[in-house]
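Have the structure open beside you.

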Amino acid sequence: MKQLNNDNAANRTSYVGNVYNIGEKKYKEDVLNSLPENWAKLHREGYIHIHDLDAYGLTYNCLAFNLVNHFPIEQFESIKSDSGRIIHLFELIKELFTKVGNEQSGGMAFANFDNEMAEMLLKLNVRIDELNKELIQSLTRELILWCNGNHTRMGQTSYYITFNIGLAKDDTARFIAYTLLDEFGNTSDLVFKPNIVFKVKSGINFEDDTPNHYLLEKALNVTAKKMIPTYILCDSKPNKNINPEKLAIMGCRSRVVQDQFGCEGAVGRGNIANISINLPKLALEVDRDYRNEDTDSKVDRFMKSWDNVANQTKNILFDRYEKLCKLKKDDFPTNLETQLWCESFDRDNLEEVFKHGTLSIGFIGLGEAVQVLTGSKYYDNIDSYMYALGIVKHMKDYVDFLRNNYNVNFSLLATAGELISGRFIDIDKDLYKPSVDIFSKGFYTNSFHIEVDSKLPGYKKIQMEGLFHEYCNGGCITYIELGEAPLSNVEGLLEYLHIATDAGTHYLGFNFPKDVCNECNTTGVFDFCPKCGSKNITRIRRVSGYLEILDGFTKGKKNEEKARRAN
Ligand SMILES: [Zn+2]
């Protein structure tokens, strides 16, 4: 199918998709027109970005399924054979993705796919013998291909699905984890979904003599080829006091842990909504109006300006949350039927369910903002770095204040800026004449990330970004940019996991450019195929947490990709 050069890198065209897009555009405009003028203005003028405007008042964002607790065993009662029950289990999972994926706006996940599958197979009394293992392998392969190739969501795009694995407790769970990795690793380079996230945990898989270490090695081998999986570091400072089974990534980087209502962890919970704040813009305004003041006072003015925008952002999130809670359970037929949330969905007041979700305040362009305020890039100058840390801590303190004061699960999200990396800068570049150049590269840098062309050594990048992870409790990721696929250097990747754990990194990924020849399937980094000479090349890159084909990137992301340099 033809790929659209569109807001969303995963999109393909279809009739239903076209009608959806027309409706989406109209509905977004209607939502903005219905909001108080000052809120809509913040969005339109690019101070903030209200993500998934098309879902405003209609649905929540993402969810990690709580499938085991309400496992619909009755569906299986009439199925006599093991193979029949296994096939139906995989069908059930795909059906849930399809239905729930059209009932919410963002990602879906299993927090412990290996253990959960093992538990469900046990409930079904399936014997794990050679024959059934073979069936599970082929169905896993088929599930992967389905996640990759299915574009039925909104008639045009794939489902954002994440399988978290690594803590497998028994042989069946280990088999499930290994099979998922192995089958994914064996697919062609053009298969880059679903997301797989491996949980690295001391005593379980991190050390040589641990029972699941071979799974971690397998995972790293697959990453070296395909950039997937990415890694939750369960022993790092932000994660070490949390039961690792409760940690998970949903969608690209959403992290749901704390709960004001007693249900800690990701399982059966999700993010409700996210609004990102354009940090460079606030810095540019300070630079415009107070250029001659000293750095302390400029940073101070920046923080006050952020407080003002964040306060209104909080009000918008509340409005959205209240509108969501006023919906009826019948508006979510699959959620009602399947009980995937940690709280029963069968109730008249859905606030009892959605109060477990998180409301995220996100940010983009910390690097550019600090550069405008201090004159230096934060990774070049220790004073600028301290200002950068101070700004992120300030934002975290504010969301903590909101959480405690309003008893709502606010979190700070280091936003994946697929759309806004270009949208914000396009607005700002015509409005401001900054004292330092942040516009010529054509995009704002993702969240707190060090610029992609810093050429900083990998360990240095990890150490500098690590301190931000503790503050970004709603989700964040550090990427190591490699020049090419690290096929023969799995030990190197393992070493990075250690460095990152020590540096306080909660979640780590590896990026490298990957070009695939469409004629002969040769992979590498090239403009024409070194083997057959063809110029018919598919370029696969990671954007906002998901691998996509480069042609489908937004303009800002294409500029960012062009600027990437290896660490
Ligand atoms: Zn070729």
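Predicted model: local features only at pLDDT ≥ 70, side-chain atom pairs only at ≥ 80, totals over all residues.

Q: How do side chains sit along a strand?
A: In a regular strand they alternate between the two faces of the sheet. Now take strand β9, residues 410-414. On one side are F410, L412 and A414. On the other are S411 and L413.

Q: Are these two faces of β9 covered or open?
A: Both faces are covered, and the residues named on each side are all buried. That is five of the five residues of β9, so the strand is largely enclosed by the rest of the structure.

Q: How do strands hold together in a sheet?
A: Strands pair through backbone hydrogen bonds, either parallel or antiparallel. Here, strand β8 (residues 358-364) runs parallel to β9, and five bridges join them.

Q: Which residue of β9 is the bridge partner of G362?
A: The partner is L413.

Q: Where is the antiparallel case?
A: Look at the open sheet of four strands, in the order β13-β12-β14-β15. Its pairing is antiparallel.

Q: Which strands stand at the edges?
A: β13 (523-524) and β15 (546-549) do. Each has a single partner strand, so one side of each is left without a neighbour in the sheet.

Q: How many bridges pair β12 with β14?
A: Four bridges pair β12 (residues 514-517) with β14 (residues 537-543), in the antiparallel sense. Find K514, and you will see I540 of β14 opposite.

Q: Now helices. Is α8 mostly covered or mostly uncovered?
A: Helix α8, residues 279-289, is mostly covered, with eight of its 11 residues buried. Those residues are L279, P280, K281, L282, A283, L284, V286 and D287.

Q: What covers the buried residues of α8?
A: The cover includes two strands, β7 (271-278) and β8. It also includes the helices α9 (295-325), α12 (366-374) and α14 (420-428).

Q: How do I read two helices in contact?
A: Start with the general idea: an α-helix has 3.6 residues a turn, so residues three or four places apart point the same way. Then compare α9 with α13 (residues 382-406): their axes come within 11 Å and cross at roughly 30°. An angle under 35 degrees counts as roughly parallel, so α9 is roughly parallel to α13. The crossing is right-handed.

Q: Which residues make the contact of α9 with α13?
A: From α9 come V299, M303, D307, A310 and K314. From α13 come Y387, I391, H394, Y398 and L402. By class, seven are nonpolar, one is polar and two are charged.

Key: Residues numbered from 1 in each chain as written. Buried ≥ 20, exposed ≤ 12 C-beta atoms within 10 Å, placed from the backbone. Pairing = 2+ DSSP bridges. Contact = placed C-beta atoms within 7 Å. Axes fitted to C-alpha atoms, helices over the stretch in contact; angles between N-to-C directions. Parallel < 35°, antiparallel > 145°, perpendicular 65-115°, else oblique. Left-handed = near helix turned anticlockwise from the far one by under 90°. Nonpolar A, V, L, I, M, F, W, Y, C, P; charged D, E, K, R; others polar.
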